[in-house]
Amino acid sequence: MRKICFIHPIRQLATVVGATVPERVVQPCYNIAPGTWITVVKQLSENEPPIIDDMWWGYRPAWPKGTGSQPINARVETVASNGYFKSAFAKHRCLIPANGWYEWIKDTSPKQPHFLARADEKPLFFAGIFSQRGDGSLGCAIFTEPARGSAAEAHDRMSLILNDDCLAPWLAPDLTDRETTHNMIQNIDAGLIEHWPVSTSVNKPAEGQGEELINPA
């Protein structure tokens with residue numbers, strides 16, 4: 001997954017996850033690329049509700065020496081045991097709300113972008129983790145899993161989309177056992193996801209940032 005689309009009204013998202021509504025205006029964006037700021041939901045204390053915040057889409061904890069890698073995704077199969085991710089998996093989980101994401105079909109020339117979203121148009125909540133970066137900002141990575149259902153037609157992997165029943169446990173800061181957390185993950189029914197070809201303007205953010213990017217090509 002290389003780009004996502006986020007246009008849902010923030011109050012609607014806050015209601016779904018029980019988060020406080022931020023005072024700032026959260027702008028919709030149809031073409032969010034890695035290495036930019038994205039909207040996330042996190043919970044810092046079990047005694048406080050989740051909050052909506054911005055994080056850098058690029059995970060790099062402050063502790064590695066040298067420049068280190070800055071992955072935008074983390075494989076759900078290994079995240080609980082991978083030394084780079086396992087601490088954040090235990091203590092710093094987040095949700096990344098989105099309307100959908102883009103993938104590029106490999107066997108087309110030029111590569112054809114497709115938009116993947118829920119058929120019922122409800123918001124998606126990607127599972128993610130975050131850490132404090134060297135500059136003090138927070139950076140996150142989005143989980144991926146083997147593609148399921150129609151999403152497998154677009155790519156061999158897909159974003160891990162949590163169903164509503166495990167959104168609250170996923171954010172819970174008091175749940176720190178990695179095995180328990182991993183077993184708690186429930187993804188949405190793959191049959192809910194559909195996709196369609198969209199304009200190649202999504203490749204060039206300067207050419208378009210509006211609804212035309214997700215309309216069928």
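Predicted model: local features only at pLDDT ≥ 70, side-chain atom pairs only at ≥ 80, totals over all residues.

Next I asked which residues of helix 1 (residues 10-17) are buried. I found I10, L13, A14 and V17. They sit on the same side of helix 1 because they cover an arc of only 100° around the axis.

Then the core. I looked up the largest nonpolar core and got 57 residues. L95, W101, F126, F143, L162 and W170 touch the most other members. Strand 9 gives the most to this core, with 6 residues. The general rule I keep in mind here is that nonpolar side chains tend to be buried together in soluble globular proteins.

Leaving out residues up to four places away in sequence, L95 touches V17, V40, V41, F125, F126, L162, L167, W170 and L171. V17 is also one of the buried residues of helix 1. There is a second, separate core of 11 residues, and I found C5, Y30, A117 and W196 among them.

Strand 8 was my next stop. How many residues of strand 8 (residues 112-118) are buried? I got 6 of its 7, so I wrote it down as mostly covered.

I followed the strand pairing from there. Strand 7 (residues 100-105) runs antiparallel to strand 8, with 6 bridges joining them. The two form a hairpin with 6 residues between them. Strand 8 also pairs with strand 12 (residues 193-197), in the antiparallel sense over 5 bridges.

Is H195 buried or exposed? H195 lies in strand 12, and I logged it as buried because its relative accessible area is 19%, with the cut-off for buried at under 20%. I then listed the polar contacts of its side chain. One of 2.8 Å joins the side chains of H195 and H114, and another of 2.8 Å joins those of H195 and E153. Leaving out residues up to four places away in sequence, H195 touches H114, F115, L116, S150 and E153.

E121 has a positive phi of about 65° although it is not a glycine. I placed E121 in the loop between strand 8 and strand 9. E121 counts as exposed, at 64% relative accessibility.

Last entry: strand 4. Strand 4 pairs with strand 3 in the antiparallel sense over 6 bridges, and T39 stands opposite D54 there. Strand 4 also pairs with strand 10 (residues 138-146), in the parallel sense over 2 bridges. In that pairing I noted W56 opposite G139.

How values were computed
Residues numbered from 1 in each chain as written. Heavy atoms only, no water. Buried < 20%, exposed > 50% of the residue type's maximum accessible area, 1.4 Å probe, protein only. Helix = DSSP H or I, 4+ residues; strand = E, 2+ residues; numbered from the N terminus. Arc of directions from axis to C-beta. Core = buried A, V, L, I, M, F, W, Y, C linked by side-chain atoms within 4.5 Å. Contact = heavy atoms within 4.5 Å. Pairing = 2+ DSSP bridges. Polar contact = N/O pair within 3.5 Å; in protein donor to acceptor, adjacent residues only side chain to side chain.
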